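Subject: Handing over a structure

Hello,

I am passing a structure on to you today, and I hope you enjoy exploring it. Please have a look, and then read on for my notes.

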Amino acid sequence: MTITVEVTSKVAAPSRTKIIDSDVHPWINGDIKGLMPYLSTAWQRRFEGSKSTLPDHPLRPPLAGATSIRRDTKPPGGGAGGSDPEFMLEDHLDRYDIEYAVLSSIQAGKLATLPNTDEAITLARAFNDYFMNEWLTVDSRYRLAMCVAAHDPLAAAEEIRRIGNEEGVVAVFIPLLNTLMGNRHYYPIYRAAEEHGLPVLIHPTGTEGGFQTSVAFAGGIPSTYIERHTVFPEIAMASITSMVFEGVFVRFPGLKVVAAEFGYSWVPHMLWRMDQNWREFRREVPWIEREPSSYVLDHVRFTSQPAEEPEKDEYLLQILEMVHADRTMVFSTDYPHWDTDSPKSTFRRVPEQMRWRIFYDNAAELYGLATPARV
Amino acid sequence: MQHRVGHLSEIPDREALIVDVNRRSIGVFNVDGRLYAVRNVCPHKQAPLCRGTVEGTMLPSKPGELEYGYEDRVLKCPWHGWEFDLETGECLFGVSGRRAKTYPVEVRDDQVYVEA
């Protein structure tokens, strides 16, 4: 059987754009069972039986199988969608001619649920070794957002120093605990990331609101998947605001942050409100010497997926302009998750210069992947 | 124009037989003897719609009540979960005005024909 995905839009296809996909999720079959070769005997014993399964948030997507993974991404050889690096090449990178795919593990995101620091550190290290060995060696188009356990920021910094210079490592994924990112708890991680020229990446871990150690949602606990998915942006909004006003970007002027999959239509509001409040309350944060929004534009990058669907198409272009997408936005698909954006059907009406920036140049600069072809 | 797309026995239970008709990818379903043909492109984001699932869904109801219905009449997209009426291609319950393209199907002598 052949599958032909056709584009039905009447708009002429834009000229060919090179693509870097900033949000792709590999999966390890069997959770920690799949990580066993990367754990010492003692740690293998520690994670025996039901302890080898990382917990799921009880609010699951109301999709087939109650899973986030698209059923059409299942590898022919078995296992979950996203678990076979060879098949992902064929099903995703080759199909859309993607030059680089930045891998971040949402399984590793579940480290945020662990109350035990040593377990979290050990698993973070095993996840990184697994992906370096089983994925980065398969194809140089794969690049890794290595993960760290924020439970122990010193150990996290040590992990960055262990592998942060590896060629395939392009970012540091921090599964957030319930501490805002401006808090100095995280500074050893930022220092190490800055030293290695690696942006830190945040992404919904899927554990928010479901575990005591995970990020709590504002105001209370959502009771449905539709609610918790709708309010993901508040996590990024709160942490970016915290970073700016705590002076993280003054302390770490080389630090970059990627906010993956948190949306972006809320960003203009945050920028304007920050600036408005700064004009009123600057004396509370006197280390902020220029408009707070300018720190966001200089240091924070937002992924394009899920592309927002405003009431009128023209609003999307206006929003992209308001968030300075030509500087701040990096294209992403979220493959193999349900809320995928296809490169073929995303941002078709966006002017060509901005498309290039979003689909390639911004990410190339961010991850130091290649000299941008057009600036 | 009618196109022969295969023998009835080639259509798996509840999974689409995906065929190319005039370079259009079309999924043909056999749901308990009822045949449907749907364009394999979701009108939302061009996902391969026919690799989704045939199910029922929750009917509109009062807050806090759940009523399941439309069993075997709903095609659910494998990406964003948009639900389409297999009979009409319409998005269920007015969540969107976009519709999946459907085609008439006919069986003669166990051969399946799609009008496309």
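Below is what was found, starting with how the model is described.

This is a predicted model, in which local features need pLDDT of at least 70 and side-chain atom pairs count only at pLDDT 80 or more, while totals for chains, interfaces and linings use all residues. Residues are numbered from 1 along each chain as its sequence is written, chains are lettered from A and ligands numbered from 1 in the order in which they are written, and side-chain values use heavy atoms, with hydrogens and water left out.

Let's begin with the sheet. Chain A has an open sheet of 8 strands in the order E1-E2-E3-E4-E5-E6-E7-E8, with parallel pairing. (Helices, H or I with at least four residues, and strands, E with at least two, are DSSP runs numbered from the N terminus; two strands pair if DSSP finds at least two bridges between them.) At the edges are E1 (19–24) and E8 (329–330) of chain A, each pairing on one side only. E8(A) pairs with E7 (residues 300–303) of chain A in the parallel sense over 2 bridges, and A:Thr303 has A:Val330 in E8(A) as its bridge partner.

Next, a pair of helices. In chain A, the axes of H9 (residues 233–245) and H11 (residues 267–281) come within 11 Å and cross at roughly 30°. (Axes are lines fitted to C-alpha atoms, for helices over the stretch in contact, and angles run from 0 to 180 degrees between N-to-C directions.) Where they meet, H9(A) brings A:Met237, A:Ile240, A:Thr241, A:Val244 and A:Phe245, and H11(A) brings A:His269, A:Met270 and A:Met274; contact means heavy atoms within 4.5 Å.

Now for the two chains together. Their contact takes 24 residues from chain B and 23 residues from chain A. Chain B and chain A bury about 2200 Å² between them, 49% of it on carbon and sulfur atoms (the accessible area, with a 1.4 Å probe, that two parts lose on being put together, summed over both). Between these chains the count is 3 salt bridges, meaning a side-chain nitrogen of Lys or Arg within 4 Å of a carboxyl oxygen of Asp or Glu. A:Arg71 forms a salt bridge with B:Glu15, with the closest N and O atoms 3.4 Å apart.

Over all chains, the structure holds 29 salt bridges. Within chain A, A:Arg95 forms one with A:Asp91, at 3.5 Å between the closest N and O atoms. These two residues are separated by about one helical turn because they lie 4 residues apart in helix H3 (residues 85–96) of chain A.

Best wishes
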